[in-house]
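Open the model in your viewer and keep the selection tool ready. This tour goes from the whole chain down to one side chain.

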Amino acid sequence: MKPGVLIFYRIMAYVTAVLLILLCAAMVLKYGHFLGLWPEGSATQETGTTWVTTIGIAHGWLYMVYLLVAVVATTQLRVPMGRMLLVLLAGTIPFGAFFAERKVVHWHELRMAGKPIVQPQNAEETTAS
């Protein structure tokens, strides 16, 4: 894999993860009145509403960039389709992109060492390959 792709993927994974965590925090501000944390229509709720809109739009657009970069990175690493889909979905789970980023870096290190990403299940697969 080209080094620039891995660096860009790592940046987008962190940006996506941080924005999603901020979006969750903003949603608590917006909907906290249902839990009795503050009254409906308060300044806190209005702030939450503004942040949900702003951060939500930013996360949505940057998640699309994350998807493109993740597809390029996992394709270049020749990652199995199931694992690729998990990496793509990681940007929708709070803290998920952090874990996916570490896994993709690990896969890159395995590829650079000439080792397979997925270990064969039994000895027959090893001899059949």
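This is a predicted model: local features need pLDDT of at least 70, side-chain atom pairs count only at pLDDT 80 or more; totals for chains, interfaces and linings use all residues.

Residues are numbered from 1 along each chain as its sequence is written, and side-chain values use heavy atoms, without hydrogens or water.

Switch to cartoon. You will find five helices and zero strands (DSSP runs numbered from the N terminus: H or I of at least four residues, E of at least two). Show the C-alpha atoms next. They fill a box of roughly 65 × 30 × 20 Å along the principal axes.

Now colour by burial. Buried residues (under 20% relative accessible area, 1.4 Å probe, protein chains only) make up 34% of the 129 residues.

Zoom to histidine 33. Look in the loop between helix 1 (3–31) and helix 2 (43–76). Histidine 33 is buried, at 13% relative accessible area.

What is histidine 33 in contact with, leaving aside its neighbours within four places in sequence? Select Trp38, Pro39, Glu40 and Gln45; contact means heavy atoms within 4.5 Å.

Finish on the side chains of histidine 33 and glutamine 45, joined by a polar contact of 3.2 Å. A polar contact is a pair of N or O atoms within 3.5 Å; within protein, one must be able to donate a hydrogen and the other to accept it, and residues adjacent in sequence count only if both atoms are side-chain atoms.

Technical notes. Buried means under 20% relative accessible area, exposed over 50%, partly exposed in between (1.4 Å probe, protein chains only).
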